[in-house]
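This report goes through two parts of the structure shown below.

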Amino acid sequence: MSPTVSPGELDERAGVDPVARGLWHPLVAVHDLRRGQQGSAVLLGVRLDYTMAGDGSVSVCRSDDHDDRRPVQIAYEIVWTCLDEPATPLFETPEALETDRRIVHAGTIGVHVSAPRAVENFLDMAHFPYVHTDILGAEPFTEVEEYSVHVDPDTNEVWATDCVFWQPVAATTSTEGQMTDYRYRVPHPYCVVLYKTTPVDPDRFDVIALFCRPIAPDRIEAHMFLALLDADNSDADIRRFQLTIFGQDKPILENQFPKELPLDPRVETPIRADKVAIAYRRWLSDLGITHGVIPAA
Amino acid sequence: MTVGGWQPIAALDDLAPRHVFQASLDGQELAVWRADSGELNAWENRCLHRGVRLSIGFNNGAELLCRYHGWRYATGTAGCTYIPAHPADAPARTITNRTYPIVERYGLVWSGREVDGRPEEVAELGAHTLVLRALPVWAPRSFVLDALVDHRFAPNEGLDVDPAEVEMTCDRRQGSIVLTAAHGGSSSTVVYWVQSLDAHTSVIRPVLAETPDDVIAVLRHHARALRELVDRVERTVPSRSVEPQGPLETPVVVERSAGSGPHIEVRVRRKWWTAPDVAAFELTPLAGVLPTPQPGSHIDLRLPNGLVRQYSLTNGPGESDHYRIGVKLEVDGGGGSTLLHDVVTEGDVLTISGPRNGFPLRRDTEHTVLIAGGIGLTPLLAMAQAIRLDRRGFELHVFVRGEDALAFPDVVESFGADATVHVALSPAQTAGRIADVLVAARASHPGALVYACGPAPMLDVVRATAAAAGWADPAVHFEYFSNHHEIDDSTPFEVALARSGTTLEVPAGTSLLEVLRGAGVALPSSCEKGACGTCAVPVIDGTPDHHDVYLRDAERAANTTMLSCVSRARSDRLVLDL
């Protein structure tokens with residue numbers, strides 16, 4: 001078992017995953033920045049300093065070497081950066097650019113768990129009746145029906161499609177229980193995007209995403225990003241709904257052991273409903289990710 | 001780090017009803033709980049599905065439910081009885097959490113690794129002991145035991161005496177320190193055990209030999225005295241670790257003793273006539289623990305004359321130390337029931353298979369209709385008890401030939417108004433009554449499910465009537481009398497093992513995994529539902545018929561590997577690299 005690291009504490013083992021170091025990662029929410037102010041955060045065991053200049057531009061550098069400037073981009077209401085030279089561009093989500101959507105950064109929450117455990121929980125429907133009781137699910141309607149999983153050969157993203165689940169209160173816009181259609185997309189080892197039926201428009205999907213900043217192999221800060229078709233509810237109501245949901249997940253995640261995700265399929269006992277998790281774990285193995293996982297022997 | 005031997009892990013009072021207590025022993029976190037029957041459980045504190053602590057789960061009195069996905073594990077065996085994400089599937093028997101030995105003695109609950117018998121006898125402790133307040137210490141167990149040797153307290157009858165005046169005697173035993181305090185003709189004895197939480201932390205668990213008159217004053221005295229000892233120990237312990245340990249993890253669950261082979265030896269603990277032509281048997285294992293029964297499961301019973309008969313288990317949740325079956329006398333039934341009725345007696349040893357579940361109970365409904373004909377009642381009794389524990393609605397209808405023909409009348413009566421016994425109806429009257437039941441239930445509970453077990457003509461009536469009353473086909477479930485299962489419609493195939501040069505037949509209804517194991521091939525397996533990939537076998541020739549969810553599309557198309565637990569063959573013959 002790996003030693004635990006307090007939030008913000010540096011863990012040298014964390015920075016050694018070359019695959020993770022070449023990825024863009026979320027650092028801080030834009031709305032948490034103030035012009036002229038400096039802040040710092042740990043990414044993959046490396047402490048970074050960030051500054052928003054008077055003109056609104058953001059810069060990021062290593063705390064231990066201010067000449068080592070890291071690349072920066074703003075996307076999804078978040079500042080993203082990378083420890084090495086980015087091996088790939090940050091994934092795109094066209095829905096987030098649609099002008100008629102409500103764009104909400106719903107919160108940033110620290111969780112004592114690995115990023116892959118948090119992603120896998122986000123991909124999981126079977127826990128809705130037990131963890132999100134009377135909101136995203138309710139006993140006795142517990143069945144996870146057969147759904148489809150594939151890895152898109154062009155983008156190398158994991159997709160789960162044709163997912164349906166009965167939900168009492170699927171969203172802030174819900175007035176009654178409904179069979180909700182879900183599509184899940186994993187475009188990044190520590191990020192996951194959900195496309196969900198909206199009561200507002202049958203032909204379009206609400207977009208709800210979880211972007212994790214890996215601090216240490218067993219510590220993350222999770223950003224919740226939403227692009228919704230919801231003209232009525234206030235940002236505060238939308239945030240409250242998402243924080244309620246995530247607040248229910250957090251104690252489950254923090255009681256999960258081991259905190260790093262085991263990639264050997266024999267270590268935990270999966271079932272058919274875990275099909276997307278099985279694919280996700282194999283995909284992480286193929287990518288060669290080592291941070292936040294226990295690699296298969 | 002392993003200390004070995006029995007150690008106390010909790011006071012019996014810590015195990016409140018319907019509660020789960022988190023304990024720790026030598027670095028291993030345990031979920032400790034008591035069933036309503038009084039049965040104690042100490043399990044590895046990790047659901048084997050996704051690793052969530054079981055101590056944050058729910059104790060329903062007979063099962064522990066994981067908080068994350070509601071998986072249920074039975075008291076005693078820790079075997080999984082239900083996976084809510086797949087209500088129609090019976091969980092594989094391999095899905096069993098790791099259990100630890102647990103016993104109660106002297107008001108404490110004890111566990112240990114590789115222990116047997118009971119915790120050591122302590123002659124000083126009689127019938128009137130008092131469990132004193134336990135205190136955690138930030139020091140290793142051996143260090144705490146050494147410090148306890150010099151511990152001082154006053155006797156019950158002289159709590160105000162200056163501790164320096166008290167004469168202390170110490171007897172250091174295998175795992176305990178026995179201290180006696182004497183002053184002015186009165187004396188008191190306390191036995192101290194030390195539980196090792198992990199390599200750095202311990203809990204002192206004292207038990208007073210005689211319950212005093214003034215319990216509160218004595219408890220307070222010992223709590224204060226022990227607090228001072230603990231403070232001193234924590235000041236002097238050489239290396240103080242600041243990191244508490246998380247739970248140890250032991251991956252890959254192994255099936256437990258009594259259920260590991262195809263045959264289990266059981267003894268007839270009790271035999272009685274539950275109706276004039278129905279003998280009931282309670283069967284207990286000669287060794288080990290019986291595999292976990294599920295509602296609807298049955299066993300094969302191998303009779304002394306070589307016959308094999310299937311009988312449904314009537315066990316309710318929490319009844320894990322025995323199997324209970326009901327055997328109806330079938331005069332022209334081939335001799336199986338005659339032998340059981342006339343020859344087999346209490347104390348006899350029989351051989352059974354582990355339970356198999358071809359009639360699993362879905363629990364994703366608010367209401368269940370159970371229809372039994374005669375001895376077809378047996379699997380439905382198990383179901384009704386399980387539904388009752390969940391506090392969901394059900395109605396049990398039992399059709400019997402005569403007033404006294406009802407088997408297990410005590411269990412049926414315990415269902416009160418939820419059970420109706422229909423006596424001595426003609427076939428036409430029976431059909432009419434079944435129609436009434438199904439029409440009424442369909443109207444009042446549109447999402448209900450139907451389970452029926454009994455003679456074939458009656459089940460044909462249920463099938464036709466249900467369809468006419470508008471029940472969807474998947475909502476109505478059948479088990480034919482004496483467990484004549486609907487045979488798996490997949491076709492048999494031949495499998496050749498290239499390395500050993502043997503050829504095996506995989507019959508319909510039997511998995512490739514079972515056939516390979518039967519032929520002595522040691523093949524690991526875990527979920528047995530085609531999800532984990534553990535039982536994959538390499539294919540050299542032939543076309544597998546893949547039924548798993550583990551393999552990628554490309555791997556499936558390549559046909560070079562298959563999961564032996566669920567996948568079969570499209571070709572007549574497969575050649576495996578085994």
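Helices (H or I, at least four residues) and strands (E, at least two) are DSSP runs, numbered from the N terminus. The model is predicted, so local features need pLDDT of at least 70 and side-chain atom pairs count only at pLDDT 80 or more, while totals for chains, interfaces and linings use all residues. Residues are numbered from 1 along each chain as its sequence is written, chains are lettered from A and ligands numbered from 1 in the order in which they are written, and side-chain values use heavy atoms, without hydrogens and water.

**Chain B and B:His397**

Chain B holds nine helices and 35 strands. Its C-alpha trace spans about 90 × 60 × 50 Å along the principal axes. Of the 578 residues in chain B, 55% are buried (under 20% relative accessible area; exposed is over 50%, partly exposed in between; 1.4 Å probe, protein chains only).

Strand E25 of chain B, residues 393–400, contains B:His397. B:His397 counts as buried because its relative accessibility is 7%. Its side chain makes a polar contact of 2.8 Å with the side chain of B:Glu395. A polar contact is a pair of N or O atoms within 3.5 Å; within protein, one must be able to donate a hydrogen and the other to accept it, and residues adjacent in sequence count only if both atoms are side-chain atoms. Leaving aside residues up to four places away in sequence, B:His397 touches (heavy atoms within 4.5 Å) several residues, among them B:Val369, B:Thr420 and B:Val437.

**The two domains of chain A**

Chain A is divided into domain 1 (7–81) and domain 2 (94–294), with bounds from an automatic or database domain assignment. The table lists values for this pair.

| Domain 1 and domain 2 of chain A | Value |
|---|---|
| Separation of C-alpha centres | 24 Å |
| Buried area | about 1,900 Å² |
| Buried area on carbon and sulfur atoms | 67% |

Buried area is the accessible area (1.4 Å probe) that two parts lose on being put together, summed over both. A:Asp17, A:Pro26 and A:Tyr76 supply 24% of the area that domain 1 of chain A buries against domain 2 of chain A, more than any other three residues.

Between domain 1 and domain 2 of chain A there are zero salt bridges (a side-chain nitrogen of Lys or Arg within 4 Å of a carboxyl oxygen of Asp or Glu). The interface does have eight residue pairs in polar contact, both at pLDDT 80 or more. On the side of domain 1 of chain A that touches domain 2 of chain A, E1(A) gives the most, with five residues.
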